Structure formats: structure tokens, C-alpha cells
Amino acid sequence: MRTVHIQVTGTVQGVFYRATAHEVAEQLGLAGWVRNRADGSVEALAQGTDEQVEAFITWCHQGPRRAVVTGVQVEEVPAKEAMRGFEVKKGS
């Protein structure tokens, strides 16, 4: 099981980035969450197999149709326990 923290910058708020990330994560079978940040970026925590996580990271570089992604930072984080489901959280 692999867990990553992702921060996406660019035009990623107001373009259905979170909603689409939620759909993609569920299709991939990932657990975790996604939320807007006060600085205009979007952050996510994703947990799954290497293949699932890599597919999600690849999608994050593109995002939904109206997004303009300028950067994606990925940080490996230790998994304390297996997470369940993928949710859209309120912004931080």
C-alpha cells in the first residue's frame, strides 16, 4: 500500500478539479481525500497500490478539461492505517 500527499497548482479551483479528482480516484479504487487550499491550489491524499497511485498522479498533471495545471508536487507519506473511501473535503 502506498500513500502520497499531492499539491496541484495553476487554475485548479472553480474548474471542477475536486469533483473530477473524486470520480477518477473512485474509478481507480483509491482511498483518501481532496480539498481546495486557501492559496488557490488543490491538495489530495491518495492511498492505493503503486499502479493506482501512479495513474492518479498522472491524471493530476492534466486535471479536468478546464484546468490549467502548472505544477504537481508529490510527497510520499507513511501510512498509519488503511483508509477507506475517497471524499471531497471543505477547503483549508
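Leu28 has a relative accessible area of 26% and so counts as partly exposed (buried means under 20% relative accessible area, exposed over 50%, and partly exposed in between, with a 1.4 Å probe and protein chains only). This is a predicted model, in which local features need pLDDT of at least 70 and side-chain atom pairs count only at pLDDT 80 or more, while totals for chains, interfaces and linings use all residues. Residues are numbered from 1 along each chain as its sequence is written, and side-chain values use heavy atoms, with hydrogens and water left out. Helices (H or I, at least four residues) and strands (E, at least two) are DSSP runs, numbered from the N terminus.

**Leu28**

- Leu28 lies in helix α1.
- Apart from neighbours within four places in sequence, Leu28 is in contact (heavy atoms within 4.5 Å) with Gln52, Ala55 and Phe56.
- From Leu28 to Glu75 the distance is 19 Å, C-alpha to C-alpha, and the two are 47 residues apart in sequence.

**Helix α1**

- Helix α1 covers residues 17-28, which is 12 residues.
- From first C-alpha to last, α1 reaches 16 Å, close to the 16 Å expected at 1.5 Å a residue; the expected span is 1.5 Å times one less than the number of residues.
- The buried residues in α1 include Tyr17, Thr20, Ala21, Val24 and Ala25.
- These residues are on the same side of α1, because they cover an arc of only 135° around the axis (the arc is that of the directions from the helix axis to the C-beta atoms).
- The packing partners of the buried α1 residues are β1 (2-11), β2 (31-36), β3 (42-48), α2 (50-62), β4 (68-76) and β5 (86-88).

- An open sheet of 5 strands has the order β4-β1-β3-β2-β5, with mixed pairing; two strands pair if DSSP finds at least two bridges between them.
- β4 and β5 are at the edges with a single partner strand each, so one side of each has no neighbour in the sheet.
- From one strand to the next, the twist averages 15°.
- α1 packs on the sheet, where it touches β1, β2, β3, β4 and β5, and its direction makes about 175° with that of β5.
- α2 lies across β1, β3, β4 and β5 and runs at about 5° to β1.
- For these angles, axes are lines fitted to C-alpha atoms, for helices over the stretch in contact, and values run from 0 to 180 degrees between N-to-C directions.

**Strand pairs**

- Strands of a sheet pair through backbone hydrogen bonds, either parallel or antiparallel.
- β1 and β4 are antiparallel over 8 bridges, and Gln7 has Gln73 in β4 as its bridge partner.
- β1 and β3 are antiparallel over 7 bridges, and Thr3 has Gln47 in β3 as its bridge partner.
- β2 and β3 run antiparallel and are joined by 6 bridges; the bridge partner of Ala31 in β3 is Gln47.
- The hairpin of β2 and β3 has 5 residues between the strands, and Gly40 in this hairpin takes a positive phi near 95°.

**Burial of β3**

- In β3, 7 of the 7 residues are buried, so this strand is largely enclosed by the rest of the structure.
- On one side of β3 the buried residues are Val42, Ala44, Ala46 and Gly48, and on the other they are Glu43, Leu45 and Gln47, so both faces are covered by the definition of buried used here.

**Record annotations**

- UniProt, in an unreviewed entry, places "domain: Acylphosphatase-like" at residues 3-90; its positions are given in the numbering used here, feature names are shortened, and annotations may be inferred rather than shown by experiment.
- Over residues 3-90 the chain is 28% helix and 39% strand, with the end C-alpha atoms 21 Å apart.
- Under "active site", the unreviewed UniProt entry lists Arg18 and Asn36.
- They span 19 residues in sequence, yet no two of their C-alpha atoms are more than 7.5 Å apart, so they gather at one spot.
- Arg18 is found in helix α1 and is partly exposed at 27% relative accessibility.
- Leaving out neighbours within four places in sequence, the contacts of Arg18 are Val34, Arg35, Asn36, Val42, Val88 and Lys89.
- Asn36 is in strand β2 and is buried, at a relative accessible area of 14%.
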